[in-house]
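Subject: Handing over the structure

Hi there,

Here is the structure I promised to pass on to you. Have a look at it first, and then read on for what turned up.

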Amino acid sequence: MPRTTSSAKPQGVITRGTTGINRLRRSDRWLTHSPLVRRVLTDAQDPLVVDLGYGARPDTTLELARRLRTVRPDLRVTGLEIDPARVVEPTENVHFARGGFELAGLRPNLVRAFNVLRQYPEDAVPGAWARILSALAPGGLLLDGTCDELGRRCAWVLLDAGGPLSLTIAWDPFTVDKPSDIAERLPKALIHRNVPGEPIHALLQAADRAWSTASPLAPFGPRVRWRAALAGLSRDGLPVVVNRRRMRDNVLTVPWDCVRPNS
């Protein structure tokens, strides 16, 4: 059974519960290759991952466990849901329990909260972040993300105890026309900030321009074109992460300071 120490009422509200097989594959792939995430999991003595708000079915929690166990085979995974009717029996050595932002008294090294905060008002996000971060194990990380129903358009923020570290947007190379199409799936902390004068708007516009500049490479496919666009953004001085390995997804990761909302 999951090791919980809190009997307090779960903090938060019940989500719609929408889920789907492989919906969160892009964030899972990113997590398994992130140097920081890998270091946190491999350095932990007894690594624990919490999937917060997994929805009506536990499919994505089980997928997360399978993928992260390629990094650390012995890691423990617990899915948490506020709605007790969604809590299922353990399977594949993954446990499930009732819990919210307080994380049911667990002290995980990594928390994934996908499509959870999108239903909250923007001003509720800092408090939710702070509550989750305060429950993490030392050095722990939080991934707060949003995606569409099929997982073709995704965006997430990675945080540690000090606050947000980075923003990542990721999309299916073959079904998205341009980077700014991801705007409708930005995390709650940014989705209402995609207006002229805000850093996130400037980033998406710069990404669109780089994508347009790389259009001569379109015959070679959208992955090749995006790699060229990403290199162009880097040459223009944006501190984007340029991966050496070939990516199945089109991905743009920048430090949080590049998109931090104006006060």
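A word on terms before we start: two residues are in contact when they have heavy atoms within 4.5 Å of each other. Please also keep in mind that this is a predicted model.

Let's begin with the core. The largest nonpolar core holds 51 residues, and Leu167 and Leu252 have the most contacts inside it. Helix H6 gives this core its largest share, 7 residues. Which residues does Leu167 touch, apart from those up to four places away in sequence? Leu252 is one of them, and the others include Trp156, Val157, Pro187, Leu190, Ile200, Leu203 and Val259. There is also a second, separate core of 27 residues, with Val49, Leu64, Val77 and Met247 among them.

Next comes helix H7, which runs over residues 222-235. The buried residues of H7 are Pro222, Arg225, Trp226, Ala229, Leu230, Gly232 and Leu233. Viewed down the axis of H7, they fall within an arc of 155°, and therefore they line one face of the helix. What covers these buried residues includes strand S7 (163-171), strand S8 (250-255) and H6. After H7 comes Gly237, which has a positive phi, near 100°.

Is Leu217 buried, partly exposed or exposed? Its relative accessibility is 29%, so Leu217 counts as partly exposed, given that buried means under 20% and exposed means over 50%. Leaving aside neighbours within four places in sequence, Leu217 is in contact with Val224, Arg225 and Ala228. Leu31 lies 186 residues from Leu217 along the chain, and 29 Å separates their C-alpha atoms.

Finally, the largest pocket. Its volume is about 350 Å³, and 20 residues line it. Nearest the centre of this pocket lie Trp30, Ser34, Pro35, Val241 and Thr253. Helix H1 (25-33), helix H2 (35-43), S7 and S8 each supply at least two residues of the lining. The largest share of that lining, 5 residues, comes from S8.

Enjoy exploring it!

Best wishes

Key. Residues numbered from 1 in each chain as written. Predicted model: local features only at pLDDT ≥ 70, side-chain atom pairs only at ≥ 80, totals over all residues. Heavy atoms only, no water. Helix = DSSP H or I, 4+ residues; strand = E, 2+ residues; numbered from the N terminus. Buried < 20%, exposed > 50% of the residue type's maximum accessible area, 1.4 Å probe, protein only. Arc of directions from axis to C-beta. Core = buried A, V, L, I, M, F, W, Y, C linked by side-chain atoms within 4.5 Å. 1 Å grid on protein atoms, 1.4 Å probe; cavity = no way out; pocket = protein on both sides within 12 Å on 5 of 7 lines; lining within 4 Å. Points joined across faces, edges and corners; volume = space filled by probe spheres on them.
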